[in-house]
Amino acid sequence: MSRALLRPVWRTLPRRALAAAAAAGLLLAAVPRMQSGPPDPQLGLFALRAAALAFALGLAFLLDDPARHLTTAVPVRRPVRIGLRVALVLPWAALCWTAALLLVPAPARPPAGDLTLEAAATAVLALTAAALTTRRTLVTEPGVMTSTWLLCTAAAAYLLLPHDRTLLVTPDDPRWQTTHTHWALLLAAATAVGLRACTDPVRARLRPRLSS
């Protein structure tokens, strides 16, 4: 049954949003190569974090499904349908992030593993927010709402968090390793919440509305 869903799920993927996010993220990652003079590690760090946010904004649209209220009647469980979407997009996301890392010149590139952890946590936060939106509302296309929330949250984290509590430190900061432990905890928490949101069926919320 899951194999039979591959083609229809593939056709309903938000290709325009994903392509736009990929283009924006890769363009941001290429900025350090466009500057004159020696490579700037600060610019490389900023470029990769901006690229990670752009990719995550695209993933915020992954659960957009105009036919959501119709597909709830199929015998395949919701976690399987969402899992198929994630599985189909995961290679694209990994390829985009790898290309973004390679676009930044090596002398300006921050530690790739730590930045990949940040990017993964940001992406999972976007997917979790989209899953929670579809769980709690009847919205069929949560992408706009989710991407707006993610962008506002990122801006607030950058501008409003106290300096001693920020997650956005530089590699020469002595808190770098500790901060990325926090990123790992954030990734684990977002994954757990996202999995719970995916397993919660929406049928109970739909029936009163459809029967009225």
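Helices here are DSSP runs of H or I with at least four residues, strands are runs of E with at least two, and both are numbered from the N terminus. With that settled, I looked up Thr179 and found it in helix α9.

**Ground rules.** I'm working on a predicted model, where local features need pLDDT of at least 70, side-chain atom pairs count only at pLDDT 80 or more, and totals for chains, interfaces and linings use all residues. Residues are numbered from 1 along each chain as its sequence is written, and side-chain values use heavy atoms, with hydrogens and water left out.

**Confidence.** I checked pLDDT, the predictor's confidence in each residue from 0 to 100. The protein chain has a mean of 86, with 87% of its residues at 70 or more. Residues 204-212 stay under 50, and there the model has seven contacts (heavy atoms within 4.5 Å) beyond four places in sequence.

**Fold.** I got ten helices and zero strands for the protein chain. Of the contacts between residues at least 6 apart in sequence, 79% join residues at least 24 apart. Buried residues (under 20% relative accessible area, against over 50% for exposed and in between for partly exposed, 1.4 Å probe, protein chains only) make up 40% of the 212.

**Back to Thr179.** Buried or exposed? I count Thr179 as buried, because its relative accessible area is 4%.

**Largest pocket.** For pockets I used a 1 Å grid over the protein atoms alone: a pocket is an open set of points where a 1.4 Å probe fits, with protein on both sides within 12 Å along at least five of seven lines, and lining residues have an atom within 4 Å of a point. Volume is the space filled by probe spheres set on the points, which are joined across faces, edges and corners. The largest pocket holds about 710 Å³. It has 25 lining residues, with Arg49, Leu53, Ala154, Tyr158 and Leu168 closest to the centre. I noted that α4 (41-59), α7 (112-136), α8 (143-160) and α9 (176-199) each supply at least two of the lining residues. I sorted the lining into 18 nonpolar (Ala, Val, Leu, Ile, Met, Phe, Trp, Tyr, Cys and Pro), five polar and two charged (Asp, Glu, Lys and Arg) residues, with the others, Gly among them, as polar.

**Second largest pocket.** I read off a volume of about 370 Å³. Of its 17 lining residues, Leu59, Leu90, Ala93, Ala120 and Ala123 lie nearest the centre. α4, α6 (78-103) and α7 give two or more residues each to this lining. By class I found 16 nonpolar, one polar and no charged residues.
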